[in-house]
Every structure is written in structure tokens, then in C-alpha cells.
There are 2 protein chains.
Amino acid sequence: MADDASPHISSAVLDGLKAVVGESGWSQDPDRLEPKLVEWRDRWHGATPILLLPKTVVEVSAIVRLCAETRTPITPQGGNTGLVGGQIPKGEVLLSLEKMRAIRAVNTDDDVIIAEAGVTLAALHDAATAVGRLFPLNLASEGSCTIGGLISTNAGGTAVLRYGTMRALVLGVEAVLPNGDVHHGLKRLRKDNTGYDLKQLLIGAEGTLGVVTAASLKLFSRLADRTVAMAAVTSPKQAIALLNLSKAVSGGAVEAFELMSRQGVAFALTHMPGTREPLAQPSPWIVLIEMASAETGATAAAMERLLEQALAEGLIADAAIAQSEAQAKAFWAIREGQSAAQKPEGAAWKHDVATPVSRIADFIEAATTAVQAFAPGVRVVAFGHVGDGNIHFDVLRPEKGDDAPHDALRDQGARIVHDIAMRCEGSISAEHGLGTMKSKEALRYKDPVDVAAMRAIRAALDPLQIMNPRVLF
Amino acid sequence: MADDASPHISSAVLDGLKAVVGESGWSQDPDRLEPKLVEWRDRWHGATPILLLPKTVVEVSAIVRLCAETRTPITPQGGNTGLVGGQIPKGEVLLSLEKMRAIRAVNTDDDVIIAEAGVTLAALHDAATAVGRLFPLNLASEGSCTIGGLISTNAGGTAVLRYGTMRALVLGVEAVLPNGDVHHGLKRLRKDNTGYDLKQLLIGAEGTLGVVTAASLKLFSRLADRTVAMAAVTSPKQAIALLNLSKAVSGGAVEAFELMSRQGVAFALTHMPGTREPLAQPSPWIVLIEMASAETGATAAAMERLLEQALAEGLIADAAIAQSEAQAKAFWAIREGQSAAQKPEGAAWKHDVATPVSRIADFIEAATTAVQAFAPGVRVVAFGHVGDGNIHFDVLRPEKGDDAPHDALRDQGARIVHDIAMRCEGSISAEHGLGTMKSKEALRYKDPVDVAAMRAIRAALDPLQIMNPRVLF
């Protein structure tokens, strides 16, 4: 990782870049740049000498080649929804693929869609729906986040349990490598064993090994039969037992299994208009379960079987099956509001950790105890994709406290939480990536053997380290 | 890729290697070596100065470190079931992990099993079954093939449609890198976005980037309800239409969708004792479909719905649903015998190609026409995992011909078949890898940009090119 000094980019280089993309392909207008230089929670504010807006892979290639020749660093940016600062330039050329937003092809025999990097997740969903198929990745930011960013950060979301992260959904990518060469990998193949899987290296590389310009992505059958339920459990441990039972009972029909604490549900009920208590009684923890199937009535039957058995075994105290799509949406609104509903409550330390599923309960218990001992009065909101071992562990300032002193403890708080995640055999970044926020910190936790291997790979592909130089190792 | 000259390995190096593994950890006994030097179809015969049989990752690390220090090339070998020669040494040290066959851990909360590289697929299946879980990869060679080889070749098999290849089933690996360092990556995490995914680089690398010594692998719920059927279609094109219908009707329950030509079925009926015609009438093509579900009766109902609809739409001419496990096994025996049943018919050119699903019919038609024009009288046996676009396209000598002249045309035949696969946007190796057989040929088809990137990565991790030097690029 390069140091933090802002790079100097000469006007000759800027002129060269402008010539590559033409009049409509760049901007230095502060008003145009501003939304791309601020992270949405306002945690990072960046700077760039120029915003480049190429329209074709040929232009991206020419940009990167010129940058390589002149050792000019580049920060690629997707929909600017990242949470770890990886998309915010600090003097680098800012490369946005927002003008590359074509759906190049859709094929239902292959169940493949080929989309350019600037296509939003919502637009991709629409394009899949238009041919009677499903693209299964779901994120709250779907209206803004783009295919390029989703691939570069290996995005996850709420349906990973059934469909996997982006890593599992990409069949091939077109990408401009750090020397400007184009990797033409838009394959529609399900199987191809002819050398290293370059796309897997680019997925999750946070823009350090090249710029993804388009991707071929898997489509799935739409599953019309769908059932959503909420269930009350007394602890994360019980949630895991319920997860196991649901996997056994449903045979792969579980799409989402999301845990929420009472604190998070209470914030949603307070701050999100239209939400209401999902179960008769408040519960210390609740789980949202969604099942989907092609067979009419199958998920309602499976969900009923699951909840009856769970009640009989004492795993759950209460449950409610959504009786309409509106009710299902209302259940999901509580889950999707877990992050936004914290905002009125003041400053928060946010952590995106994963552990093995079997260690989630240990982690939540130990981390909650530790942060409350470190900063008395803090309010923990733990929620997330428990089926993937992924917990968003957020720590809010004390109810009557101020933001500033809480913010001041953020790094120490993160250290405590991350240390515990690692003791639970976990990861300090489940789905957000490392960005500029966690890259240095990650060195504390990553095995030096792995870091050395990653550095060697990066140096091999980007010897001048022009691609997102402040990110990763 | 290094040249083909046999390397010289000094007796000092051999003594050093012997010292690392101790008396029971090596052999130079020709009888002990012989089975590991011959490919099972007898297409390659190798040579090695020593067979090393380490028992621990520490020993593997010491072996590789000594080899790196002395520039001694290594060929790793799993169960010696490979079909492209990648496991056969030609003067290199032969490294077998057959003594590393512990199941290190099984955890049903995490649905993870941690197995050493020498564990056979059959033993892994047994260990999963013992805890009520499923490891879904299925291959005919399960009694011999090992975890290390399955990972290094990104094995596929008959359940890829539902569960993916090894690439989708590995959560983490322990591997000795080419400098002797150990990558301790036996994670049980479903999500981890903290840098490049090193395991994905090792999967399918055919032993060129390190030696996989153990892996953490995903387990799944066992699906008790299972239905197998055979259906008669008139062409591969109809098979694709049936595949689409089956995906729509079953909602992910299809585990296998295997196409067979009449020629292949006829050979199975002739040469495999106990097999019988699966349908009332011989059909030019038949499809084997397997569905699985957790819900009793669900797959029989879905299969009936599918076949009724397919009959009504004229997609299939006839179908039979297996009425017992014995009958299901009999159906599978015909599919699994497609390769072995060719042997009595004489010499064959074998091709393991993939195309997009939508191009399978084009490929089979064009390739059949082309090989029959090139070598009149040859008999084509095309079969495989049509749901993944993977066709094993085998070309047998004319019925009354001799083996030798057919063998002599093998490379030209492969060229014809592979050119057509590439014109159909395909791959010349769907699941077997490149090995020594196809690595040079692959250079004809791979984009030089990709080859350059792969060479750069390889040079970064194995600058002395000691790991399986004659394989890949």
C-alpha cells in the first residue's frame, strides 16, 4: 500500500486523459465532482484533479495505459455506496463507469446476463425480471450500487445463504488490467478449467488489480412461492439451532435468515414511520426467515412445519408468518431499517464481522460485554446474515451522551471488536472490504504469509501500483 | 511452462529429502512406484528419482523449501485419476499426500468438514454421511480420487448444476506455497472480504502454485426425497428445451441433467453386464434427470409434472421414472458406464469440452459432421453434464478399423473438435484441466493477455518454477 501523500498529476497528463475521453467524458466542475467525493455517511471527503467518465472499454483501456505510462494513480468508483472509503480519491484520478450502463446481452437458455459496470443493481434486477428470471443478489443500496462495485467488493447481501456472494454469481468479467490490456473474459461457461481463474482474482480486489468494465452474470428461475416469517428467540445460540432446523426441514429453500436484537428493532419502530411490532410481545432477539420454491404452497407448508417443530422443541417463543406481500414487506422493512434507524440516535462505531456460524453467539456475547466495559452506556445493535456468520455489530453512543467523545473512541472500539472476532476464528470484514479504512488495520490480523503472497501478485500485475494505491496491501 | 528435458536431481538433494520425511516417508522401489507412474488408460508413463510420502504439512513445507533452495522440480499427485497427464512426473520428484488422510474436524453448526488432501472422495462422503450431511460432489472415480487432486483440478462431476464445482465447495485451504511457506487458510467462514481470495487461485491451478495439504469444505443437508428419470429426446436441442422446462418447474431441485447419445447407450448395453434398455424404444438421445428435495413426495410430483408437460409440448417422446432405488441405480449405471463401455470398442479420441448451454446443440452437430468427414466411419459418443454445458465428446475408431491408425489421428482430431468448441464460445477443458496433454495446445486458444497475466502471477509465486513445471503456461 502506498503512503498517504497526495500524488501530483501534471497538466500534461490531465490533457492527455481529456483527449482520450473527449469533451463529454471528463469533468473538473466542483459541483459535478462533489457527490463523488463525499462518502454517504460523510466519514470521508476526497479530492481529485479530474473525474473521468469513459463510455467504452477502449476508452478505459487508453486511460489506464496512459496512467501506467505516466505513473498516475487511479481510484475507480462505482455507485459510491461503499462503507470503507475505498472509492474516495485522495488526489488520484477518479474513474467512474457511470456512462457504461448497457445490458449487452441476455440469454435464457444460458441463464446469463451481460451487463456493463455502471449498471445499477436495480436496473439489473429489472432486466432479469423482464425475461422471467432472477438475479438473486439483494442489497438495501440497489438503486445506487453498480455491477462494477459489487464485483470489486464481492458484495453479499441478504440471499447469500442460498445463492452465495458475487463471487458465486459471476461467470466472467471484462476488465482493463493495470497495464491497460483488456481481459476479454465475458464467458457464458459454467465450466472452464484452462488455467488460473483470473475473474476470481479481480472479484473482491477492490480495484487494485484492474478495472472491471462488464460482467457475465448468472440468472436463476424466479420462484413464485415465497413465505416470510418472524420468530422470537431468546439468544443468538437459539437462532443457530433454529437455522439448523430450518436447513434440515426446508432442503435448501431458505433464502434469508436474518437476526435482529431488540435494540435494533426498537430503533426501527421508533424512527421508521409505518413500522409496527412484528410479534405479540417484544423479544430479546428475533429472526426473519424467508423461503422460496417453485411449487405453489410448498414454502407455507415448510415454514409451518418448521415453526411448529421449533415451538415444540422450545427453540422459539412465538412466531408470525406474513399473510400477505404487504406484511412480508413490513417484516423486511424492519430488517432493512436496522442501519438507517440508528442515525437519529447519534454516533456509532460500525463493524462488519464474520465468524463461523457456530461461533456467532460467542462473538456477540463477548463483544457486547467488552464494549460495554470499555465505554459504559453504549448501546449495541447486532444484526445480520446469521446464516452466513455475518454480523453487523454496531455500537451507538450512550443515550444521553455526545457524538464527539464516542467518535473519539471509534478506533479503540474497533480494535476490541475485531480482536474478539479474530479469537472467534473470524474476519474483520465480512462483506464491505477493507478500503482505506481497514487496510492498515488488517495487517494486524492477516498472516504475513498471505500478505506477502498478495503483495507479490499485486506487484506482478501492477508493478507501478497505480490502481487504487491506498487500498489493500 | 518449462521445456520437456528431464531434470537432473543430485543424490545430495535426494538424501536431504529422505532426511525430511524419514525412513517410512519415501520410496525408490520400482514396484511401489509403478502404479503412480502409469496413467490408468496407459497413455502416459512417467519416471521419478523418488516418491515422497509426507505425513504432515510441516514435512510438506520442508520438502518444498528444500526443493526451492535446490531448484528441484516437483510433481504433486493425488489419486492418479487425472486424464490429462498433469500428475505423471517426467523426472521430477513425485509428491504424494496419500499418508495425509485425516478428517481433522466436522462441524454441523457450520456445515463444514476439514479433510486432509489424501482423503478420498468416497471417505469424505462417508464422513459427511456419518453426521447426517452431504458432500455433493460426485465422480465415477470416488474410490481413488483425493481431495487434493479434486481441488487442484477444480473437479466437477454430476451435481454441478445444483452445487457447483469444487470452486464453489471449498471454504478454505491449507497449502504449501512454492517457497515452502504455509498458507493456513482452513477457514470455516462463508464471508471474508479481506484481500485477494488466495484459495481461488490455488483451486484449479493443477499444482503449479503450491501443494494443497488440507481443505475446509461445505456440507449440505441430506435430501431424502429423490427421483430419477430417463426421457427420450430427438436431439440435443430438445434436451436444452427440456432442461429449461425442468429448471422452471422444479425451482432448483434438479441435481443432475445428463445427456447420452444412442451410440453411448448401445455400448453400455452391450458391454456392461446387467444393464438393460431404459425405455421401451431406443431413442437417438436420452436424458437422465435427478431431482432431490427435503420434502417427502415433492420430487416425484415435480418430475411427473415436468414429464407430463414435456410430453404435452412434444419435447420428449417417452419417459420412465425409476420406481425403486435399484432402478435409479440402473439408470445411473448406464450414464456412469458411458466412458468404460467404450473400451472394448477400441481406440478413442476423448475431448472434454464446454460451451454455453445454448451452443451445445450447434457444437455436437458441427463436431460430429467434421470428425466424420475427416475420418470416415468413426463412431461419436457424446455425453455429459448438459446442464453445465459440459460435453464429453469421444470419437471411436471405425467398427472394423484398427487402433493404431486412429491413434495416429488423435491430435488432428482434437484440433478439429477444439476449434469448433472455441467457435461455439467454449473451452477445450471443461473439467479435466490442461495437464501436460493440453497446456501447449491451450496456447493456441487462450488470449495472450490472459496467458501473460497467468505467467506473471506464477512467476510472482514460483519464481524458480519448481511446481509442476511442465503443466500450464
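In the predicted model, helix α15 of chain A packs against helix α16 (residues 435-445) of chain A at an angle of about 45 degrees, the two axes lying 11 Å apart. This geometry makes α15(A) oblique to α16(A). The crossing in which α15(A) passes α16(A) is right-handed. On the side of α15(A), the contact is formed by A:Ala414, A:Arg415, A:His418, A:Asp419 and A:Met422, and on the side of α16(A) by A:Lys438, A:Glu441, A:Arg444 and A:Tyr445. By class, the residues joining α15(A) to α16(A) comprise 5 charged, 3 nonpolar and 1 polar.

Helix α15 of chain A, which spans residues 410-423, also meets helix α13 (residues 360-374) of chain A. The axes of these two helices come within 9 Å and cross at roughly 155 degrees. Because angles over 145 degrees count as roughly antiparallel, α13(A) and α15(A) are described as roughly antiparallel to each other. Their crossing is right-handed. From α13(A), the residues in contact are A:Phe363, A:Ala366, A:Ala367, A:Ala370, A:Val371 and A:Phe374, while α15(A) supplies A:Gln412, A:Gly413, A:Ile416, A:Val417, A:Ile420 and A:Ala421. This contact of α13(A) with α15(A) contains 10 nonpolar and 2 polar residues, and no charged residues. The contact of α15(A) with α16(A), by comparison, includes 5 charged residues.

A corresponding pair of helices was examined in chain B. Helix α13 (residues 360-374) of chain B and helix α15 (residues 410-423) of chain B have axes that come within 9 Å and cross at roughly 155 degrees. That angle makes α13(B) roughly antiparallel to α15(B). The crossing of α13(B) past α15(B) is right-handed. In α13(B), B:Phe363, B:Ala366, B:Ala367, B:Ala370, B:Val371 and B:Phe374 take part in the contact, and they meet B:Gln412, B:Gly413, B:Ile416, B:Val417, B:Ile420 and B:Ala421 of α15(B). Sorted by class, the contact of α13(B) with α15(B) holds 10 nonpolar and 2 polar residues, with no charged residues.

The relation between the two chains was then considered. Chain B is superposed on chain A by a rotation of 180 degrees with 0.0 Å of shift along the rotation axis, giving an RMSD of 0.0 Å. This is the relation of a two-fold axis. The same surface serves both copies, since 100% of the contact residues of chain B recur in chain A.

The interface between the chains draws 83 residues from chain B and 83 residues from chain A. The size of an interface is often expressed as the accessible area lost when the parts come together. Between chain B and chain A, the buried area is about 6200 Å², and carbon and sulfur atoms give 53% of this area. Within chain B, the residues that lose the most area to chain A are B:Lys191, B:Asn193 and B:Tyr196. Together, B:Lys191, B:Asn193 and B:Tyr196 account for 16% of what the chain B side buries.

Notes: Residues are numbered from 1 along each chain as its sequence is written. Chains are lettered from A and ligands numbered from 1 in the order in which they are written. This is a predicted model: local features need pLDDT of at least 70, side-chain atom pairs count only at pLDDT 80 or more; totals for chains, interfaces and linings use all residues. Side-chain values use heavy atoms; hydrogens and water are left out. Copies are superposed by least squares on the C-alpha atoms of residues with pLDDT of at least 70 in both. Contact means heavy atoms within 4.5 Å. Axes are lines fitted to C-alpha atoms, for helices over the stretch in contact, and angles run from 0 to 180 degrees between N-to-C directions. Helices (H or I, at least four residues) and strands (E, at least two) are DSSP runs, numbered from the N terminus. Angles under 35 degrees count as roughly parallel, over 145 as roughly antiparallel, 65 to 115 as roughly perpendicular and the rest as oblique. A crossing is left-handed if the near helix is turned anticlockwise from the far one by less than a right angle, and right-handed if clockwise. Ala, Val, Leu, Ile, Met, Phe, Trp, Tyr, Cys and Pro count as nonpolar, Asp, Glu, Lys and Arg as charged, and the others, Gly among them, as polar. Buried area is the accessible area (1.4 Å probe) that two parts lose on being put together, summed over both.
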